[in-house]
Amino acid sequence: MSHSPELPSDLAACQALIRQQQQELAESRQQLGESRKQLTQSQQELSESQRVLEGMAEAYTQLQQAHHELQEELKRRLRWIFGRRRERVRDTPGQLLLFELDEEPAADDQAAAEPTEPPEPPPSARQKSRRRRKADYSRLPTRRIEHTLTATERQCPGCQREMEQIGTDESMVLNYQPSVLERVIHVRPKCACRHCQQGVVTAAGPQRVIHRSIAGPELIAQLLVSKYSDHLPLYRLEDIFARHGVHLARSTLCDWVRGGAELLRPFAEFLKSRVLKSPLLWTDDTPVRVQDRTVHGGTRQGRFWAYLGDQDFPYTVYDYTEDRSREGPADFLKDYQGYVHADAYGGYDGIYLKSSGRVIEVACWAHARRKFFDARGAQPREALEFLEWIRQLYDLEDQAHEWSTERRQELRAREANPVLDRIERRLHELHLLTLPKSTLGKAVTYARNQWEALRRYTTDGRLTIDNNVSERTLRQQALGRKNWLFLGNDAAGERAAVLYTVMATAKRHRIEPWAYVTDLLLQLTDASPELEPLLPERWLAEHPDALLTHRLEESRNRQSRQKARRSRRRKR
């Protein structure tokens with residue numbers, strides 16, 4: 001039989017025993033806290049492992065699908081090389097079918113082939129109505145047509161009396177009136193004195209945007225918007241104007257584009273000076289073909305560079321360079337001081353080093369993620385680990401998207417930095433294990449080389465995790481060069497940069513470009529125009545009807561659905 005230890009009768013010994021028990025209790029509580037912390041970490045690692053396994057299963061399914069697609073493509077190519085090209089089937093008696101029909105399946109096989117789960121029901125009418133976007137016709141000119149009934153139609157079939165009108169039914173038909181080229185004749189009176197014959201006075205003529213040109217500001221604005229916002233090459237515009245009643249040669253249209261670009265150049269330079277005052281910049285570049293008879297093939301590659309300011313300087317500026325050398329961005333950023341979000345183009349490295357800390361690099365996590373995404377086929381487990389961690393970083397950014405910069409920075413320091421530490425440790429481990437030329441090895445090398453710049457976004461709440469905003473802006477050039485194919489020379493590239501600056505800035509503020517460019521052309525014809533009132537936010541305050549709202553609701557609904565989907569994913 002066990003006996004409890006006797007308590008000492010001495011007061012000092014009792015106090016010592018109590019202190020010993022208290023110390024043991026504190027140690028037990030500390031061990032319990034550490035155990036709970038380890039349990040939480042283990043649960044988190046288990047959840048991450050489950051997501052990785054789900055991703056691996058999905059990747060395996062995609063690999064099987066890709067394998068099947070490649071087999072089908074191989075069969076198609078073999079048939080193209082060795083098989084018959086002709087697919088004609090002759091309806092001759094006794095001739096076999098080109099493709100044998102499958103036999104009717106047996107009842108058991110047919111029952112086994114039936115799906116065990118019922119198919120998803122079609123969306124209800126209520127769900128379809130939610131997806132439908134209602135058009136706003138309030139801004140359109142309206143023409144009412146009153147229909148009448150004849151005396152015979154108004155006669156009652158029952159009593160033969162004349163029926164009385166009890167109401168009306170209205171229905172709408174949306175019609176289209178093609179644009180019209182208008183010839184405006186300005187008649188200016190001339191006055192002279194018949195007595196002294198001292199001179200002749202003539203009324204002031206029309207304001208011409210381009211000197212000695214018949215093109216009015218509205219026509220030039222339509223020409224510029226059609227090519228640099230709607231991506232229509234000049235030969236198509238030549239045909240469009242011909243359908244409207246007059247043939248305008250492409251050489252004439254080129255002169256008008258040149259004149260409009262030169263008139264807008266001071267405003268584009270003013271926007272450039274405003275963008276360079278922004279403490280944050282987002283930049284990217286895209287190639288464009290330029291005609292050059294001195295090189296083989298007749299064309300060489302030029303570059304468009306996009307520079308976007310922050311929300312305090314919400315303008316987009318384009319620059320054109322003859323090639324992708326460092327001199328282009330170095331000349332643009334020679335007086336700049338602040339953060340630059342950019343990709344890993346080596347030409348920026350010299351700019352960062354020579355600026356003595358004046359220009360600070362912020363790398364793009366979207367580029368790093370793309371490298372690991374491409375490595376899924378070769379080493380899916382390691383690639384999916386990084387994709388899971390990067391997903392956690394983006395979930396945090398989505399959570400803090402509408403927060404203040406201070407709260408966003410605190411969240412990044414508290415929750416993003418531990419994830420980045422795990423990525424850094426894993427990068428160091430795989431750097432010693434993977435082949436440098438493998439897809440995973442290239443992804444690891446890319447992330448390690450950019451690691452300091454990849455982590456920099458956590459040091460300031462104003463910075464963004466990626467450079468996607470500038471990549472989306474360059475879609476304008478990608479669509480344009482698919483249509484007009486190339487630039488005539490380097491001077492045309494500089495003019496295109498001016499016009500893309502105006503169009504992209506108007507699009508960023510959701511301004512109707514034709515109205516904005518028309519007013520810019522009129523205002524800039526003055527000898528000393530004021531440029532401050534022409535800034536898009538100030539101009540829009542004076543012209544609220546020029547705000548385009550047709551995509552706002554669609555964009556908000558898409559963002560809401562995406563936010564809800566990411567919120568559900570975070571709760572899993």
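Is Gln-160 buried, partly exposed or exposed? With a relative accessible area of 47%, Gln-160 is partly exposed, where buried means under 20%, exposed over 50% and partly exposed in between (1.4 Å probe, protein chains only). This is a predicted model, in which local features need pLDDT of at least 70 and side-chain atom pairs count only at pLDDT 80 or more, while totals for chains, interfaces and linings use all residues. Residues are numbered from 1 along each chain as its sequence is written, and side-chain values use heavy atoms, without hydrogens and water.

Stay on Gln-160, in the loop between α3 (125-131) and β1 (190-192); helices (H or I, at least four residues) and strands (E, at least two) are DSSP runs, numbered from the N terminus. Its phi is positive, near 70 degrees, although Gln-160 is not a glycine. Most residues other than glycine have a negative phi.

Next, select Arg-510, in the loop between α16 (490-508) and α17 (513-524). Arg-510 also has a positive phi, of about 60 degrees, and is partly exposed at a relative accessible area of 31%.

Finally, display the whole protein. Its secondary structure comprises 19 helices and seven strands. Of its 572 residues, 33% count as buried. Among contacts (heavy atoms within 4.5 Å) between residues at least 6 apart in sequence, 65% join residues at least 24 apart.
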